[in-house]
Amino acid sequence: MAQKKYLKESIKLGIKELIVETGKVAKQADGSVIVRYGDTMVLVTAVSARNAKEGLDFFPLTVEYRESTYSAGRIPGNYFRREGRPSEKEVLTCRLIDRPVRPLFPDGYRFETQIVGSVISADTENDPDVITITGASLALYLSDIPFTTPIAGVRIGLVDGKYLLNPTYDERRESELNLIVAGTEEAIVMVEAEANEVSEKIMLEAMMLAHKEIKRLCLWQKELAKALEIEKREFVSPAVDEGTIAEVEKNFGDRLREALDTTGKDKLTSYAAIDALKKEVVGSYPEDQPEARSLAGKAFSFLKEKIFREDMLGNRRRPDGRKFSEVRPISCEVGWLPRVHGSALFTRGETQAIVTTTLGTKMDEQYMDDIEKGEVKRRFMLHYNFPPYSVGEAGRFGGTSRRETGHGNLARRAIAAVLPSESEFPYTLRIVSDITESNGSSSMASVCGGILSLMDAGVPIKSPVAGVAMGLVMEGNRYAILTDIAGAEDHYGDMDFKVTGTSEGVTALQMDIKVAGINAMILQEALEQARKGRMHILEKMQQAIEAPREDISPFAPRIITMKIHPDKIRDVIGKGGSVIRSITEETGAKIDIDDDGTILIATADGDAAQAAIARIKSLTAEAEIGETYLGTVSRIVDFGAFVEILPGLDGLLHISEISDHRVKDVRDELKEGQQILVKCIGKEGNKVKLSRKAILAEEKPKASGGGEE
């Protein structure tokens, strides 16, 4: 292995410097860099095997990303006090790196390759995720791995109408837009966004601004490669056997076209016909010529894509006969699961999802370790499940896959913008989307079904959200933009572009592009076509349910909010939690108390809720001036008596306020344990002044015939 050259360079990115250092750490990896932005630093490495894996028909690339808590000066909060399985944020960042990098490796590259990003320093301003995208490109491009097109990633925010480049955590909390764009010098290759109903125009402007910065970063990487005199390994993509392709097309082309035509056929019937035809094609070559049979199989796959693209661009026809802007038939049902809090069955073409909403209390919030803040809470969760039966397969059930995590996160971000605030609706919300059939765009079905289930559960959302997956087929100056893509259109197309939003604007966006040359005009056209498709889907959804139900399910907990003085919190909790525990045991209600004195009482039993409220009021009640109380004399002193007017609250009944005549000895008038009526006549801080004389004066009958003097 040749000695790695040392290099440290920087480039201005926004208001900070992006610094790269190579040749110092992890020198046995094929490529390694440390990227720094502010005080956030990530070590990114790349390694690619020297020998190809035999028998693979895909590129064996893995991406790992880890945020070690030591980087932020903390110890993990779990029982073992060490990092465990990847968090959702780490999984999503792996996907952010994988999606733009994977298509840029040479066709036919079958060498096992691994990219690892390790956060080694984390400040409280700069998220390491987006700089790791650029770091992954640097690690690959500044190595001998045959990765020859550098990429870069940037984040765009929108605060007070101004675009921000790589906004800080605080700026993102105020931002109407959180957009991550990855691209090459020539084109955008990936977009991930969440937004607060921003217009398509703003979204397009932000993408173009991001790409302007990406171009600078890619040119910078090329200059670094020249300075390091990087030489790439030799790799030649396998040549296509034109002769075999021509022979297969001549003998089987017409039948393949017929099998690919899904008009009036379901997906599985079409797939079965294609598989049977492929077996026939391969079987037409002698068994003792395995190489010829292998070439025939590859020729068949090549021909499938060729026919698909010719039909789309030449004949302007989709496999199922739909118009380019046409959405498949939609069916929506709500409230069909009797015991859940909210439910929907959303079907679009051959994609179907059972989606449910469950309402919980503050105790049901999700706790997560976060590199910025340590432990954080999430009151809205969306979980997406993709069982193998949804595509007619028998497969193993294991943990949540990265794909399931990514699709669930996209749907969650799409819906989050329209949820009521916690003060308006003090519930923890969980949506579960179980995909029961899949033929394209199940994540968008999860968005639509999720909104329907929220409305069925009585959640007062601001506005319904729908989602649609767009596609693109492009060669030269010819292109076709497709609305609501099915599985084959996703697989053979050049773009997967998912857009969600309300009637007012976009709430989330996810885009992966496989080809260069997609300009602003095509993106604008795709966004407008997506908007029209979204409006059509929203109309279909509103036919099922027009607005959120006025009341929540009888099986959901009722949450009642009350407020007490923060000084009274300790009285409700009690020593070691004894008081609040006794209230919970006696009434069955769940009780949550915030530091500001807000109390949430949750129970499906109205009587239990009222009993809990009464107990808390009795513990926290305060004396009010002018109010009369039946109190108990708790202690007698020379200058008066202390009277308990509320549980745990004594007031002073001064000797001068005991009677309407002069009292020489308090004990002549009162005894400990005696119940008397008193009026609150004053408060000074925690001290309460009482009067019995005022009560006696009110009870004394007026003199007969008397008048005002």
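Reply: Gladly! By the rule for salt bridges, the count comes to 48; a salt bridge is a side-chain nitrogen of Lys or Arg within 4 Å of a carboxyl oxygen of Asp or Glu. Keep in mind that this is a predicted model, where local features need pLDDT of at least 70, side-chain atom pairs count only at pLDDT 80 or more, and totals for chains, interfaces and linings use all residues. Residues are numbered from 1 along each chain as its sequence is written, and side-chain values use heavy atoms, with hydrogens and water left out.

Me: What makes R216 and E213 a salt bridge?

Reply: Their side chains come to 2.5 Å, N to O, and the rule asks for a nitrogen and an oxygen within 4 Å, so the pair qualifies. Both residues sit in helix α4 (residues 200–228), three residues apart, about one turn of the helix. Helices here are DSSP runs of H or I with at least four residues, strands are runs of E with at least two, and the numbering starts from the N terminus.

Me: Why is R216 called partly exposed, and why is E213 called buried?

Reply: Buried means under 20% relative accessible area, exposed means over 50%, and partly exposed lies in between (1.4 Å probe, protein chains only). R216 has 32%, so R216 is partly exposed. E213 has 13%, so E213 is buried.

Me: How do you know that E489 and R322 tie together separate parts of the chain?

Reply: Their side chains meet in a salt bridge at 3.7 Å, N to O. E489 belongs to helix α10 (residues 487–492) and R322 to the loop between α7 (290–313) and β11 (330–334), so the pair joins parts that are 167 residues apart in sequence. Both E489 and R322 are buried. They also belong to a network of salt bridges that links R318, D320, R322, R328, R348, D484 and E489.

Me: What makes R615 partly exposed, and what makes E586 exposed?

Reply: R615 has a relative accessible area of 25%, so R615 is partly exposed. E586 has 56%, so E586 is exposed. The side chains of R615 and E586 meet in a salt bridge of 2.6 Å, N to O.

Me: Why is the pair of Y109 and F235 called edge-to-face?

Reply: Rings of Phe, Tyr and Trp (its six-membered ring) pair if their centres lie within 6.5 Å; planes under 30 degrees apart count as stacked, over 60 as edge-to-face and the rest as tilted. The structure holds 11 aromatic pairs. In this one, the centres of Y109 and F235 are 5.1 Å apart and the planes make 85°, hence edge-to-face. Ring pairs link F59, F105, Y109, F111, F147 and F235 into a cluster.

Me: Are Y109 and F235 buried or partly exposed?

Reply: Y109, at 2% relative accessibility, is buried, while F235, at 26%, is partly exposed.

Me: Why is the pair of F425 and Y427 called tilted?

Reply: The ring centres are 4.6 Å apart and the planes stand at 35°, so this pair is tilted. F425 is buried, with a relative accessible area of 7%, and Y427 is buried at 6%.

Me: How do you know how confident the predictor is?

Reply: The pLDDT gives its confidence in each residue, from 0 to 100. The protein chain averages a pLDDT of 91, and 98% of the residues score at least 70.
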